[in-house]
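Please open the structure in a viewer and keep the selection tool at hand.

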Amino acid sequence: MASVTSLTDLVNQRLTDALSATLPEADADPLLRRSDRADFQANGILALAKKAKANPRELATQVVSQVVTGDVIKDIEVSGPGFLNVTITDRAITDNLAARYADTDRLGVPRADRPGTTVIDYAQPNVAKEMHVGHLRSAVIGDSVVQLLEFAGETVVRRHHIGDWGTQFGMLIQYLDEHPHELDHEAGEDLQESGQAAMSNLDRLYKAARRKFDADDEFKTRARRRVVDLQAGEPHTLAMWQKFVDESKIYFFSVFDKLDMEIDDADIVGESGYNDMLAETCRLLEESGVAVRSEGALCVFFDDVKGPDGNPVPLIVQKSDGGYGYAATDLSAIRDRVFNLKANSLIYVVDARQSLHFKMVFETARRAGWLNDDVKAYQLAFGTVLGKDGKPFKTREGETVRLVDLLDEAVDRATAVVREKDTQGQLSEEEIAERGAQVGIGAVKYADLSTSANRDYKFDLDQMVSLNGDTSVYLQYAYARIQSILRKAGEVRPAAHPELELHEAERALGLHVDAFAETVAEAAAEYAPHKMTAYLYQLASLFTTFYDKCPVIKPEPPKDVAENRLFLCDVTARTLRQGMALLGIRTPERL
């Protein structure tokens, strides 16, 4: 179905036509926005009057005389020094909502005219290490940006750049070769099993290997030799490494499944996936002069990046011993994504603390000609998850919080809330558990997404699962409440009645529903899921006001009014459901 022209665009076009008729030579932009003084306010007259050396209020009056009213614009008046206050007709609001309602798949949201290809790098856990609270934001923010971009019409390629290569694997493999009894005794066949137990054991062995590596220089030498064996493809070493990778992936899938996220194996391309490109990447950078040798290492220098001593801090692409650092891998990944995947945009959902690294990597790629005005890279940097005390989130023992433990606690808390609200015992234990998972995981995601990505936020489960305030639970209950209203309406079904006058609360709700398409476009263009959460919270709040002031079922209104109000309920519910889906959050039909 064709997209629906928003009321904002309809009004904007009417005002643009009127401005052009008044000032034919002017570059007419009404600067239209929503307003609490009217439905819309246009502020563009002031700048145009200044350019034309005209009185802004007189110019505004001339523009008003050119505006076509009646079908879309009910009233337009000059306010203040030359603002235009615009009121929409009730019929236009209802007609527009009816057109969106008829498009059951997209609610009239247009697709991009010229979609590009975006590669988004997110959810990047490390092999042989358990996921912790620090992995939450990249996964949740990245998944929502993927949903937003795909819904807006962009071609999206997912990439999960897992940590699956380097010194740590030589260390771990060497440790297990020297201490095989630890694997046999502690885990038995765990490496052949799936799930948390095997990963917990691998994580424990990794920490033991790290302690020995740091304390024993002879072991450190043996471990580094094992890295050389790994890089050379020695069969036993490579088989051990592959076992760790396979087992870790099974664990990753279990955690992402708990997070209600789809991760495809084909999208997991770790550091090892670029090994064959590293030497060529270094050669291209050195031959082009982008990188130079410094004390045996291949480096890229920047005028604006200096250390505390005032000396330049380079990006080291290849170490003096011939080994490759993270920079070589990241630059090879850019080459792959630009030249093989044909990407126009590269998005990296990565901790803000890595901003300097990515600034240098992106600048290096630009100097090499791999990034340019047509192909851009952007770090969607995110802040830290804090505890209630405002400090980085830790356990009481000072350890990093395991992500699985955090999600389990959220589900437990949410399940208790669902059970408490089910006062009439309508839900079975199985349904309570299912709703508890949907509410708990939704609460965690929404708390993360409702904060601008680059800001830190406090992880407060009590607030997250609250029915009051800006929480996913509030939105999920608003959706479930509407479904209950629709079920109780009996034979009266939703139907639009454009001929009816609307209550003030109906108008406010209708105008906000119509703004959904603009919000999708803005949130996708700016990689900003928090703009969608803000929109949805206001939508649920406006619905609450509408339902309080406009009887839908009791006291029973006239049939046409009841049908129109049920229509408003249903189009609101569909918008809530679609908006929440773009955040990766489910909306249960009953709660």
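Begin at the second largest pocket: select Q426, A480, R481, S484 and L591, which lie nearest its centre among the 20 residues of the lining. A pocket here is an open set of points on a 1 Å grid over the protein atoms alone, where a 1.4 Å probe fits, with protein on both sides within 12 Å along at least five of seven lines; lining residues have an atom within 4 Å of a point. The volume of this second largest pocket is about 600 Å³, a volume being the space filled by probe spheres set on the points, which are joined across faces, edges and corners.

The model is a predicted one: local features need pLDDT of at least 70 and side-chain atom pairs count only at pLDDT 80 or more, whereas totals for chains, interfaces and linings use all residues. Residues are numbered from 1 along each chain as its sequence is written, and side-chain values use heavy atoms, with hydrogens and water left out.

Next, select α17 (472–488) and α20 (529–549), each of which supplies at least two residues of the pocket lining. Helices (H or I, at least four residues) and strands (E, at least two) are DSSP runs numbered from the N terminus. Which helix gives the most to this lining? It is α17, with nine residues. Colouring the lining by class gives eight nonpolar, five polar and seven charged residues; Ala, Val, Leu, Ile, Met, Phe, Trp, Tyr, Cys and Pro count as nonpolar, Asp, Glu, Lys and Arg as charged, and the others, Gly among them, as polar.

A cis peptide bond joins K554 and P555, with omega at about -15 degrees.

Now select L31, in the loop between α1 and β1. L31 has a positive phi of about 55 degrees although it is not a glycine. Most residues other than glycine have a negative phi, and most peptide bonds are trans.

Turn to α1 (residues 7–22) together with α3 (residues 56–66): their axes come within 8 Å and cross at roughly 115 degrees. Axes are lines fitted to C-alpha atoms, for helices over the stretch in contact, and angles run from 0 to 180 degrees between N-to-C directions. To see the contact (heavy atoms within 4.5 Å), display A18, L19, A21 and T22 of α1 against L59, Q62, V63 and Q66 of α3. This contact comprises five nonpolar, three polar and no charged residues.

Select the antiparallel sheet next, an open arrangement of four strands in the order β1-β2-β4-β3. Two strands pair if DSSP finds at least two bridges between them. The edge strands, β1 (32–34) and β3 (73–79), each pair on one side only. β3 and β4 (residues 83–88) are joined over six bridges in the antiparallel sense, and I73 has I88 in β4 as its bridge partner.

Finally, select the open sheet of four parallel strands, ordered β6-β5-β10-β11. β6 (155–159) and β11 (376–379) are at the edges with a single partner strand each, so one side of each is left without a neighbour in the sheet. The twist from one strand to the next averages 20 degrees. β5 (residues 117–121) pairs with β6 in the parallel sense over five bridges, and T117 stands opposite T155 in β6. Helix α12 (residues 326–340) packs on the sheet, touching β5, β6 and β10 (345–348). Helix α13 (residues 355–367) also packs on the sheet, touching β10 and β11, and its direction makes about 175 degrees with that of β11.
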